[in-house]
Amino acid sequence: MASIQNGRVRDQMSDEERESVEKALDEINECRRDPPKYAAKLALELARYDGNKLTPADGGDPIMTQEGTKALQECISALKASEPRCELARKSGIDQASQD
């Protein structure tokens with residue numbers, strides 16, 4: 001969340017929130033830079049499925065999914081056929097608006 005102090009917007013995002021946003025943006029940009037390479041990374045995730053049950057990478061409790069591997073396989077196919085895209089970057093004005 002942002003607040004106004006002395007006429008300036010002050011970022012109130014915690015370090016943990018900021019790190020989470022940066023990790024998500026890094027992951028998105030990894031996919032945008034080289035979609036076929038990212039598809040290969042996602043293909044490794046297929047082994048963690050048992051039918052519709054997904055076992056998290058950290059070994060946590062399995063998650064029941066609606067579609068199982070079908071949606072992931074569709075995503076992998078689409079990425080394999082995709083061209084690279086420009087990377088995304090954070091913009092302070094958009095960051096501030098999203099925190100309101």
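Student: Which residues in α1 are buried?

Tutor: Some ground rules come with that. This is a predicted model, where local features need pLDDT of at least 70, side-chain atom pairs count only at pLDDT 80 or more, and totals for chains, interfaces and linings use all residues. Residues are numbered from 1 along each chain as its sequence is written, and side-chain values use heavy atoms, with hydrogens and water left out. Buried means under 20% relative accessible area, exposed over 50%, and partly exposed in between (1.4 Å probe, protein chains only). In α1, Leu25, Asn29 and Cys31 are buried. Seen down the axis of α1, the buried residues fall within an arc of 155 degrees, so they line one face of the helix. That arc is taken from the directions from the helix axis to the C-beta atoms.

Student: Which residues are exposed on the other side of α1?

Tutor: Asp15, Glu16 and Lys23 are exposed there.

Student: Is Ile28 buried, partly exposed or exposed?

Tutor: Ile28 sits in helix α1. Its relative accessibility is 41%, so Ile28 counts as partly exposed.

Student: What do the buried residues of α1 pack against?

Tutor: Look for contacts, meaning heavy atoms within 4.5 Å. The buried residues of α1 pack against α2 and α3.

Student: How many residues does α1 have, and how far does it reach?

Tutor: Start with the expected span: 1.5 Å times one less than the number of residues. α1 has 19 residues and reaches 26 Å from its first C-alpha to its last, close to the 27 Å expected. Now take α3, residues 69-80. It has 12 residues and reaches 16 Å, close to the 16 Å expected.

Student: Which residues of α3 are buried?

Tutor: Leu72, Ile76 and Leu79. They cover an arc of only 65 degrees around the axis, which puts them on the same side of α3. The buried residues of α3 pack against α1 (15-33), α2 (35-43) and β3 (49-50).

Student: How many helices and strands are there in the chain?

Tutor: Both are DSSP runs, numbered from the N terminus: helices are H or I with at least four residues, strands are E with at least two. This chain has 4 helices and 5 strands. From the N terminus on, they run β-β-α-α-β-β-β-α-α.

Student: What percentage of the chain is buried?

Tutor: Buried residues make up 18% of its 100 residues.
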